[in-house]
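Please open the model in your viewer and follow the stops below in order.

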Amino acid sequence: MSNEVILLSDIPNQSKDTFAARYAGPYVIKSNLISAGFKTIVLDWFRFIKDNDKFFNYFEQLVDEKTCCVGISTTFLYPENHNSKEGNSSGLNSNEVSKIDIDSATAHSLFLWEQNNESLYDWFSRLRSILDKYNPKAQIVLGGARAARILQMCHFATEDYALKKFVDYILIGNADQSIVKLLNNHKEGKGIMPSLVKNDIKFLVCNGMGWPDSKKFVPSTIYTKHDCIEKSHWLPLEVSRGCAFNCKFCYYDKKHSSKRSMQSLKDELIRNYETFGTTGYNITSDCFNDNRKFVGDWANMITGLPFKIEWASYVRIDPFHKYTEMMDEMISSGFRAGYFGIETLCHAAGKAAGKGLPPDRVKELLSLLRSKGGNNLWITAYFIIGLPKETEQSLNETLDWLLSQNIVDEVQTSVLDVAPFIEELSSVIDFADHSKQPEKYGFTKLEYAPKFYWEHESMNLEQAKNINEEWREKFHEHTFTRFGGSAHGEYPRIRDLGLNHKQATFFMKTKFLSGKKIVNIDTRKKRKFKNYVTDLSRQHVEKYYDKFLSVNGVRQCHS
Ligand code: B12
Ligand code: SF4
C-alpha cells in the first residue's frame with residue numbers, strides 16, 4: 001500500500017542518554033489527514049540514522065508514485081550543541097544568539113538540526129531526488145513551532161539556502177485544517193496563495209485569513225498499526241489547547257482554554273487500550289488543572305474505565321488552594337509525574353507575574369501533594385530566575401528553602417527570557433505581556449542587538465545567569481532533589497521503554513555530578529543501571545525502525 005503523505009518527526013537533542021518519547025504534533029496532523037482521506041504515516045525519530053546514505057536508503061522504501069507530500073515537524077529540531085537551558089523559553093530568543101547577525105541567526109534558527117547550510121542542503125537535495133524519481137510533483141512542507149522562527153530570521157538566508165530551494169511551503173501555527181486544505185488544493189490543481197513570501201520562501205500562516213486557524217480545535221488522535229506501537233509505550237494525548245491563566249512572562253496561548261469532550265477522550269483511551277494495550281499517557285496540555293470541572297469529569301471518566309492508566313502532564317499548584325480535592329482526583333486517575341510552574345517564591349514577584357498565591361501556601365500545597373502522592377508521584381518544580389521584583393536576596397531565600405526540603409524531585413530553572421515582539425507573528429503567537437509592554441512590567445532596559453540584555457529595578461540578565469549557575473553548583477550536594485535535566489520530557493521517555501515508575505525515577509535520580517548524593521549506591525552499580533537504560537533506549541528505536549519498514553515499506557513484497 002502506498003504512503004501518500006509521510007510526516008517526519010523527532011526531538012533529537014534533548015538528552016545524550018536516551019531517545020525522546022513521541023511528540024503529539026505530527027500524530028495530530030496525521031489523524032486529520034487520514035480523516036480527509038490521505039494515507040498518512042509518521043516516521044518518528046527520523047534523525048536516528050545520522051548517515052544520509054543509510055537514512056535515504058531506508059526512506060526510499062516508503063516512497064512510491066503516489067507519495068504526494070513529505071511534511072517535517074520542526075518543533076524540536078535544534079542543532080546538537082544548542083543549549084536550551086537558559087533564556088529560551090519563548091523559542092524566539094536564544095542566549096546563543098548573543099548578537100543577531102547572519103552567522104548567529106542562521107546557526108540557531110535556519111539550519112534546523114544541522115550546523116550549516118551545506119549539510120542541510122545535502123539532506124534536502126537527497127530527499128528531493130527520491131521524490132523526483134517517483135513523483136516529481138510531490139511537495140515538501142514544513143510545520144511546527146520553529147516555523148515561526150524561520151520566518152523571523154529568513155531575511156538572513158543566502159541565495160542557496162536549502163529550504164528556499166527545496167521546501168514548497170512552510171506552515172505557521174496550528175495547521176490541522178490548513179494542511180488538509182493545502183493538499184486538497186494541490187491534488188485538484190488549484191492555485192495556492194501563500195500568506196506571505198519572504199526571501200522567496202512561501203509561508204502559510206494558519207490564522208483564519210486564507211488558511212484555517214485551529215487554535216481552539218482540539219482533535220482526537222488516531223493511532224494505527226502503522227505507528228508500530230508496543231503495549232509499554234506512553235502515547236501523547238492532547239486534552240486541550242490554550243491555558244485559562246495569563247502569566248505575564250508566558251508565550252503559550254493564554255486566557256482561553258479549549259478542552260476536548262470527555263466522550264472523545266474516553267473513546268481514544270479505549271481504542272488505544274483495545275488496539276495496543278496502552279495504559280501510559282504523556283498528556284499535552286498547557287495546564288492540565290486550569291478548569292475545576294474538567295479535572296472532576298476526567299477523574300470520573302477514568303474511574304469508569306475497565307482498566308487503569310498512568311499519566312504525566314503540566315500542572316499549576318495554585319488551583320489546589322481552592323480545590324484541594326483535585327489532588328485526590330488526579331492521583332486516583334493515575335497522575336504519576338507533574339511539571340509545576342512555580343516560577344518564584346517571592347510574593348511581590350509572583351503577584352506581578354500573575355501567580356499571586358502566598359509562597360508559604362505554595363510550599364504547604366507542595367508538601368500536601370507529596371504526602372498524598374508519596375513515592376508514586378514525580379514532582380518537577382520550575383523556577384524563573386530574574387522575574388521583575390525578584391531580588392538576589394529573595395532568590396537566596398528560595399534556594400535555602402529548596403536545599404532544605406525533601407518534597408520536590410527536581411528543580412528546573414530558566415533565566416528570564418523576553419522575546420522580541422514581532423507584529424507579523426502576533427496572530428499565531430500569543431506574545432507574553434513582558435514582550436508587548438516591557439516598561440509596564442518594570443523593564444528599564446531591553447535590548448536584542450548587539451547582545452540580548454534586560455534590566456529591571458531589582459536585577460539584570462547577567463546577575464540572573466550567575467545566580468542560575470550558583471544554584472546548579474549548590475544542588476550538587478542535595479540528597480533528594482535533582483537539578484535540571486528536563487524531567488518533563490524524560491519521565492515519559494523512560495516509561496516508554498517499559499520501565500515502571502520506581503525504576504524510572506531511580507534512573508532519573510541516578511546522576512554523577514549534579515545530584516551525586518541522591519542515589520546512594522556505588523558508582524559502578526549506578527553506571528551499570530544507566531548503561532542498561534541507555535542501551536534499552538537505542539534498541540527501542542532500532543526495533544521501531546525494523547517494524548516500521550515491515551509495516552509501511554511499499555516495495556518489500558516485490559523483492
Ligand atoms: C510538550 C512540550 C515539550 C516537551 C516534548 C516532549 C514530548 N515527547 O512531547 C519537551 C520537554 C521535550 C520540550 C522541550 C522544549 N520546549 Co517545548 N513544548 C511542549 C509543549 C507544551 C507541547 C507540545 C505539543 O505536544 N503540542 C501539541 C501539538 C498538537 O501542538 P503543536 O506542537 O503546536 O503542533 C501543531 C503545529 O505546530 C503544527 N505542526 C506540528 N508539526 C507539524 C508538521 C507539519 C508537516 C505541519 C504542516 C504542521 C505541524 O500543527 C500542529 C497541530 O495544530 C509546547 C507548547 C504547546 N502548547 O504546544 C512547548 C513548545 C513547543 N516548547 C517550546 C520550547 C521553547 C522548548 C524548549 C526550547 C524549552 C527549553 N528552554 O528547554 C525545549 C526544546 C527541546 C529540544 N531540545 O528540542 C516552545 C517552542 C517555541 C518556538 N517558537 O520554537 C513551545 C511552543 C512553548 C512556547 N514557549 O510557546 N517541550
Ligand atoms: S505559565 Fe502556565 S499557567 Fe501561566 S499562562 Fe502560561 S501555561 Fe498558563
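The tour passes from the domains to the sheet, then to a helix pair and a ligand site. The model is a predicted one.

**Domains**

Begin by colouring the chain by its domain assignment, which gives domain 1 as 5–214 + 541–552 and domain 2 as 225–506. The C-alpha centres of domain 1 and domain 2 are 27 Å apart. Next, select the boundary, where 38 residues of domain 1 are in contact with 36 residues of domain 2. On the side of domain 1 that touches domain 2, α1, β2, α5 (147–153) and α19 (523–552) each contribute at least two residues. The largest share of that side, five residues, is supplied by α19. Classified by residue type, the side of domain 1 that touches domain 2 comprises 19 nonpolar, 14 polar and five charged residues.

**The open sheet**

Now display the strands in the order β2-β1-β3-β4-β5-β7-β6: these seven form an open sheet with mixed pairing. Look at β2 (40–43) and β6 (196–198), which stand at the edges; each has a single partner strand, so one side of each lacks a neighbour in the sheet. From one strand to the next, the twist averages 25°.

Select residues 69–73 (strand β3) and residues 139–143 (strand β4), which run parallel and are joined by five bridges. Within this pair, V70 is placed opposite I140 of β4.

**A helix pair**

Move to helix α11 (residues 325–332) and helix α13 (residues 359–373), whose axes come within 10 Å and cross at roughly 35°. The crossing of α11 and α13 is right-handed. To see the contact, show the side chains of M327, D328 and I331 in α11 together with L368, L369, K372 and G373 in α13. The residues of this contact divide into four nonpolar, one polar and two charged.

**Ligand 2**

Which residues are found around ligand 2? Select C243, F245, N246, C247, C250, Y252, K254, D286, C287, R316 and G341 to display them. By class, this shell holds six nonpolar, two polar and three charged residues.

Definitions and conventions:
Residues numbered from 1 in each chain as written. Chains lettered and ligands numbered in written order. Predicted model: local features only at pLDDT ≥ 70, side-chain atom pairs only at ≥ 80, totals over all residues. Pairing = 2+ DSSP bridges. Helix = DSSP H or I, 4+ residues; strand = E, 2+ residues; numbered from the N terminus. Axes fitted to C-alpha atoms, helices over the stretch in contact; angles between N-to-C directions. Left-handed = near helix turned anticlockwise from the far one by under 90°. Contact = placed C-beta atoms within 7 Å. Nonpolar A, V, L, I, M, F, W, Y, C, P; charged D, E, K, R; others polar. Near = placed C-beta within 6 Å. Domains from an automatic or database assignment.
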